[in-house]
Amino acid sequence: MLLLQAVLLLLALPNSETVTEDSEVLLSPPKEGCAGWMAGVPGYPGHNGTPGRDGRDGTPGEKGEKGEPGVIGPKGDTGNGAGIEGPRGFPGNPGRKGEPGEGAYVYRSAFSVGLDARVTIPNVPIRFTKIFYNQQNHYDGSTGKFHCNIPGLYYFSYHITVYLKDVKLSLFKNDKAVLFTYDQYQDKNVDQASGSVLLHLAVGDQVWLQVYGDGENNGLYADNINDSTFTGFLLYHDTDGSQ
Ligand SMILES: [Ca+2]
């Protein structure tokens, strides 16, 4: 009965503070001094709370400085085949104008001559005085000698009519015989002797024909129906001074 009254008393006092069995709550001291009031003993600190949630991401920082270059990597494998052909280039500039060439007439040298009469004197240059061609006058009809004015390779030939005597004929280059022809005359007949040669000549060289041996080998002959001729011409001139 007593307990029931106490409960009813608590319900009748709504502004009073509920005191639980284990309560450590300190009652606030009255605003006004109250005689006989005493502060309670301080309670123990509460337990630590659970960790809070992660915070929001921060704003991006400023861009850093450029780093050092890395080490050079190993050489790569060789490519497969040639690349695609590039486009055609522009035409180049025209070259310089060449030097004027030398006239071909400078390198002309030729003669063709014949006998006017029989030759009787051996061992001297034969004088061919019948002139077929001697435009450059490199052959001298007064001596029977050809004079080289253009260094180069020359062709010489002779065709001799042989009559009454044998013929021993030599072609001379300067003071040396370089070609020999020997024809034996046969009685009551007309023979021919001939020869040809290529010779390299320098300026000043001389070429001629003459009979060698004794005076019995000078059967060179010429009349109005028989000719004995001597011909020579420049085949090609030296271009670099070499032979
Ligand atoms: Ca003969």
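## A buried ring pair

Let's start inside the protein: Phe156 has a relative accessible area of 0%, so this residue is buried. Keep in mind that the structure here is a predicted model. Phe230 is likewise buried, again with a relative accessible area of 0%.

## Aromatic pairs

Two rings are described by how far apart their centres lie and by the angle between their planes. In this model, 14 aromatic pairs are counted. For Phe156 and Phe230, the ring centres are 6.3 Å apart and the planes meet at 25°; the angle is under the 30 degrees used as the limit, so the pair is stacked. This pair joins distant parts of the chain, with Phe156 in strand 5 (residues 152-173) and Phe230 in strand 10, 74 residues apart. Both rings also belong to a cluster linked by ring pairs, whose other members are Phe111, Phe128, Tyr139, Phe146 and Tyr154.

What about Tyr163 and Tyr185: how are their rings arranged? Their centres are 5.9 Å apart and their planes stand at 90°, so this pair is edge-to-face. Here too, distant parts of the chain are linked: Tyr163 lies in strand 5, while Tyr185 sits in the loop between strand 6 (176-183) and strand 7, 22 residues apart. Tyr163 is partly exposed at 28% relative accessibility, whereas Tyr185 has 16% and counts as buried.

Asp183 and Asp191 are both buried.

## A nonpolar patch on the surface

Now for the outside. Leu198, Phe233, Leu235 and Tyr236 make up a nonpolar surface patch, and together they have about 380 Å² of accessible area. Strand 10 (residues 229-237) is the main contributor, giving 3 residues to the patch. Leu198 belongs to strand 7 (residues 191-201). With a relative accessible area of 45%, Leu198 is partly exposed.

## Around Asn218

Leaving aside residues up to four places away in sequence, Asn218 touches Val119, Thr120, Ile121, Lys165, Asp166 and Val211.

Key
Residues numbered from 1 in each chain as written. Predicted model: local features only at pLDDT ≥ 70, side-chain atom pairs only at ≥ 80, totals over all residues. Heavy atoms only, no water. Buried < 20%, exposed > 50% of the residue type's maximum accessible area, 1.4 Å probe, protein only. Contact = heavy atoms within 4.5 Å. Patch = residues over 30% accessible without salt bridge, like charges linked within 9 Å, V, L, I, M, F, W, Y side chains within 5 Å. Areas by Shrake-Rupley, 256 points an atom, 1.4 Å probe, with all protein chains shown as cover. Salt bridge = Lys/Arg side-chain N within 4 Å of Asp/Glu carboxyl O. Helix = DSSP H or I, 4+ residues; strand = E, 2+ residues; numbered from the N terminus. Phe/Tyr/Trp six-rings, centres within 6.5 Å; stacked < 30°, edge-to-face > 60°.
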